[in-house]
Amino acid sequence: MNDYLVKAIAYEGQLRAYSVITTEIVKEARRRHDTIRASTEALGQMLTAGVLLGTTLKGTEKLTMKVNGGGPIGSVSVDANADGEVRGYVTNPKMGLDFPEFDQSDVETAVGLDGVFSVSKYIGVHAPFVGQVPLVSGTIEEDFSLYLNNSEQTASIVKMGVMLDASYNVQSAGGIIIQMMPGASKELFERVQAYVREMDSIPSMVARGAKPEFLLEEIVGAENLTILERTPVRFQCQCSEERISNAIISLGKEEISDIINTDGHAEANCHYCNETYFFTKEELEKLMSEAS
């Protein structure tokens, strides 16, 4: 497994821990959306956060995570599920072309602070559970931590990041979450928190070959760690030609006929994976014949 996630407990169940490498996920997102530096880092961190939080879901549950701080990057949106699948996009992936004076390493300004970090969980009820917190940094990492601590009311430590080379190619990416369980020692949690704050960056460790297990062992010690599960994770979109076809059919005969007469063809683009689906006049006529 290249990208995978580890679930664990530490110190005899006082802490719950998640660790993931997302290098291939972020590479795939950058390839699909042709992002440049700040947009790659912001999207990469959101994808990492989505995978980490998605692992807390069960069965067919899923979530949507979004941040929009009013910065030049626009909004960053991510979908994740309990199977380790994640997809995402950024509204303005090439913001540097629109803002040539902008410092491409400044993710905080790229995201902005005039907005919220929100998570919508679809857990089988009619309406999703929605939690949100105001943006405090624009770094994604700190805002995600604030969400976990405030909206989900779980004492959490978050550390994640993306490493790029001079050409904005993704070198490494990953992240960890450490959470305090009920009845855990506050002193222990604060000690771990202080260590995480001072340790090397996650992508730097991953670039040197660190696996998810090692990232957690580095924090709590191998003797204090119990691995519960390993899960492969990947960039995976739910769009398909069949789904787009069904969406066109749902438009009805009259609207499909208008498309044929006006354009002679149809194109549909998926925001999340940037895949484009093209339908010829003949294909549209076939879909029209299936429409009720």
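In which strand does M160 lie? M160 is part of strand β8, which covers residues 156-164; helices (H or I, at least four residues) and strands (E, at least two) are DSSP runs, numbered from the N terminus. The model is a predicted one, in which local features need pLDDT of at least 70 and side-chain atom pairs count only at pLDDT 80 or more, while totals for chains, interfaces and linings use all residues. Residues are numbered from 1 along each chain as its sequence is written, and side-chain values use heavy atoms, with hydrogens and water left out.

**The chain as a whole**

The secondary structure of the chain consists of 11 helices and 13 strands. For 292 residues, a compact globule would have a radius of gyration near 19 Å, and the 21 Å of the chain agrees with this; the radius is taken over C-alpha atoms, and the globule rule is 2.2 Å times the number of residues to the power 0.38. Along the principal axes, the C-alpha atoms fill a box of roughly 70 × 45 × 35 Å.

Of the 292 residues, 51% count as buried, where buried means under 20% relative accessible area, exposed over 50%, and partly exposed in between (1.4 Å probe, protein chains only). When contacts (heavy atoms within 4.5 Å) are taken between residues at least 6 apart in sequence, 63% of them join residues at least 24 apart.

**Aromatic pairs**

A pair of aromatic rings is described by the distance of the centres and the angle of the planes. Rings of Phe, Tyr and Trp (its six-membered ring) pair if their centres lie within 6.5 Å, and planes under 30 degrees apart count as stacked, over 60 as edge-to-face and the rest as tilted. A search of the whole structure finds 3 such pairs. In one of them, the rings of Y89 and Y272 have centres 5.0 Å apart and planes at 90°, so this pair is edge-to-face. It links distant parts of the chain, since Y89 is in strand β5 (residues 85-90) and Y272 is in the loop between β12 (266-269) and β13 (276-279), 183 residues apart. Both Y89 and Y272 are buried.

The rings of F117 and Y147 have centres 6.0 Å apart and planes at 40°, so this pair is tilted. Here too distant parts of the chain are linked, with F117 in strand β6 (residues 116-122) and Y147 in helix α5 (residues 141-151), 30 residues apart. F117 counts as buried at 0% relative accessibility, and Y147 is buried with a relative accessible area of 0%. Ring pairs link F117, F144 and Y147 into a cluster.

**Three residues and their surroundings**

M160 is buried, with a relative accessible area of 7%. Apart from its neighbours within four places in sequence, M160 is in contact with several residues, including I140, E141, F144 and I202. D165 has its place in the loop between β8 and β9 (170-180), and at 29% relative accessibility D165 counts as partly exposed. E285 lies in helix α11 (residues 281-290) and is also partly exposed, with a relative accessible area of 34%.

| Pair | Apart in sequence | C-alpha to C-alpha |
|---|---|---|
| M160 and T231 | 71 residues | 18 Å |
| D165 and I123 | 42 residues | 39 Å |
| E285 and I260 | 25 residues | 7.8 Å |
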